[in-house]
Amino acid sequence: MPPPRFNVVRYAGVLAPAAKWRALVIPPAPDVDPESAAAAAPKAPPTHRSGWRPWAELMKRTFAIDVEQCPECGGRMKLRELVTDAE
């Protein structure tokens, strides 16, 4: 189990953040003019205020599966009841 709030991927060797030879392996970041970058890419308003996204939206974005669509009639489905007790 990884520790909380830490990256799961850790780099070692030449790819490590403090490696002496990292600059020889990793290409430098491209030079971007801040004025042209701000004008070229207009920022879209965020769709959510937090990092939480509904499960159905994640399935649609990740696997292109619409879990809220009925397989028989093609209509929209919605949650009627949530069962929390196993008995």
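**Exercise 1.** Determine whether Ala64 is buried or exposed in this predicted model.

*Solution.* Step 1: buried means under 20% relative accessible area, exposed over 50%, and partly exposed in between (1.4 Å probe, protein chains only). Step 2: Ala64 has a relative accessible area of 68%, so Ala64 is exposed. Step 3: although not a glycine, Ala64 has a positive phi of about 55°. Most residues other than glycine have a negative phi.

The model is predicted, and local features need pLDDT of at least 70. Residues are numbered from 1 along each chain as its sequence is written.

**Exercise 2.** State how many helices and strands the protein chain has, and where Ala64 lies.

*Solution.* Step 1: helices (H or I, at least four residues) and strands (E, at least two) are DSSP runs, numbered from the N terminus. Step 2: the protein chain has 3 helices and 0 strands, in the pattern α-α-α along the sequence. Step 3: Ala64 lies in the segment after helix H3 (55–63).

**Exercise 3.** Classify Ile26 by its relative accessibility, and locate the residue.

*Solution.* Step 1: the value for Ile26 is 32%, and therefore Ile26 counts as partly exposed. Step 2: Ile26 lies in the loop between helix H1 (22–25) and helix H2 (34–40).

**Exercise 4.** What share of the 87 residues in the protein chain do buried residues make up?

*Solution.* Buried residues account for 5% of the 87 residues.

Key. This is a predicted model: local features need pLDDT of at least 70, side-chain atom pairs count only at pLDDT 80 or more; totals for chains, interfaces and linings use all residues. Side-chain values use heavy atoms; hydrogens and water are left out.
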